[in-house]
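Hi,

Here is the structure I promised to pass on. Have a look at it first, and then read my notes below.

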Amino acid sequence: MLNLGLVPYREGWELQRSLAADVAEGSRMDTIVFLEHPPTVTLGRRTDEGELHIPPSANVEVVETDRGGKSTFHGPGQLVCYPIFDLTRHGQDVKRYCRDLEEALIRTLAPLGLEATRIEGLTGIWLEDPPRKIASIGIHISKWVTTHGYALNVDLDPAPFTQWITACGIEDALFTTVARELGRPVAVDEVRPHAAVALAEVFGFDEVSESRADFRELAGSPAPA
């Protein structure tokens with residue numbers, strides 16, 4: 001597992017591609033990347049032009065990506081997870097992989113006292129009564145190797161999800177954060193260990209952490225998940 005802190009979106013995407021190439025050729029085992037991004041709106045392959053209503057004064061980068069899904073927002077205070085997995089070791093089942101990511105998010109939130117769930121017909125992970133989205137999922141798979149992943153709202157202003165975009169293409173959706181639900185500040189560092197344990201449980205591997213180092217160096221050197 002790599003914990004990289006705040007990384008510009010395009011640089012994080014380039015790292016994913018480099019890691020995915022290593023995983024595909026067998027020089028690196030499955031790897032999980034944890035990071036945060038500066039304010040960024042990303043567009044999935046199914047994004048509609050009408051989803052974007054970003055004010056001209058907004059300090060945000062817009063990036064068109066190769067992941068599935070529609071538009072979403074990233075910013076500091078959001079735990080972003082990019083599993084770079086060879087799915088030939090995890091069932092070669094795309095739907096199962098998405099369900100497993102959802103299960104990992106549900107298990108991540110449980111130790112914090114939040115009962116998260118799936119909602120039929122809607123993407124991501126939600127809290128209910130009323131439904132409010134706390135995590136988004138968007139993936140890309142090439143030759144059975146995964147990139148992109150999930151974004152869990154830990155402690156950031158959720159306003160851009162509704163004021164700048166029609167996030168995930170869902171009209172009138174409510175968005176929330178771990179901090180808002182718990183009624184206190186919550187650091188990404190507090191949530192990340194729960195995320196690591198949950199992913200290890202769901203995908204069946206031992207946790208091995210690598211130090212917070214320059215990701216340009218990490219991308220070129222094999223390391224276990």
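Just after helix 5, Gly204 takes a positive phi of about 75 degrees. Helix 5 itself covers residues 188-203; helices here are DSSP runs of H or I with at least four residues, strands are runs of E with at least two, and both are numbered from the N terminus. Before going further: this is a predicted model, so local features need pLDDT of at least 70 and side-chain atom pairs count only at pLDDT 80 or more, while totals for chains, interfaces and linings use all residues. Residues are numbered from 1 along each chain as its sequence is written, and side-chain values use heavy atoms, with hydrogens and water left out.

Back to helix 5. Its 16 residues reach 22 Å from the first C-alpha to the last, close to the 22 Å expected at 1.5 Å a residue (the expected span is 1.5 Å times one less than the number of residues). Its buried residues include Val188, Arg192, Leu199 and Phe203, where buried means under 20% relative accessible area, exposed over 50% and partly exposed in between, with a 1.4 Å probe and protein chains only. Those buried residues pack against strand 1 (2-6), strand 2 (31-36), strand 6, helix 2 and strand 9 (145-153); contact means heavy atoms within 4.5 Å.

Helix 2 (94-109) has 16 residues too, and its end C-alpha atoms are 23 Å apart, which agrees with the 22 Å it should span. Among its buried residues are Tyr97, Asp100, Glu102 and Leu109. The cover over the buried residues of helix 2 includes strand 6, strand 7 (125-127), strand 8 (132-142), strand 9, helix 4 (178-182) and helix 5. At the start of helix 2, a side-chain oxygen of Asp93 comes within 3.1 Å of the backbone nitrogen of Lys95. That is a polar contact: a pair of N or O atoms within 3.5 Å, where, within protein, one must be able to donate a hydrogen and the other to accept it, and residues adjacent in sequence count only if both atoms are side-chain atoms.

Now the aromatics. How many aromatic pairs does the structure hold? There are seven aromatic pairs. Rings of Phe, Tyr and Trp (its six-membered ring) pair if their centres lie within 6.5 Å; planes under 30 degrees apart count as stacked, over 60 as edge-to-face and the rest as tilted. Tyr9 and Trp13 make a tilted pair, because their ring centres are 6.3 Å apart and their planes stand at 55 degrees. Both lie in helix 1 (residues 9-25), four residues apart, about one turn of the helix. Tyr9 is buried at 2% relative accessibility, and Trp13 is buried at 12%.

Phe85 and Tyr97 form an edge-to-face pair, with 6.3 Å centre to centre and 70 degrees between the planes. Phe85 sits in the loop between strand 6 (78-84) and helix 2, and Tyr97 in helix 2, so the pair ties together parts that are twelve residues apart in sequence. Phe85 is buried at 0% relative accessibility and Tyr97 at 2%.

There is also one aromatic cluster, formed by Phe73, Phe161, Trp164 and Phe175. And Trp13 comes up again: the charged end of Arg17 sits over its ring, 4.5 Å from the centre (for this, NZ of Lys or CZ of Arg must be within 6 Å of the ring centre and within 35 degrees of the ring normal).

A polar atom of its side chain lies 2.7 Å from the backbone oxygen of Pro83. The peptide bond from Asp129 to Pro130 is cis, with omega near -5 degrees, and Pro130 is found in the loop between strand 7 and strand 8. Gln92, in the loop between strand 6 and helix 2, has a positive phi near 50 degrees although it is not a glycine.

Overall, the chain has six helices and nine strands, and buried residues make up 56% of its 225 residues.

Cheers
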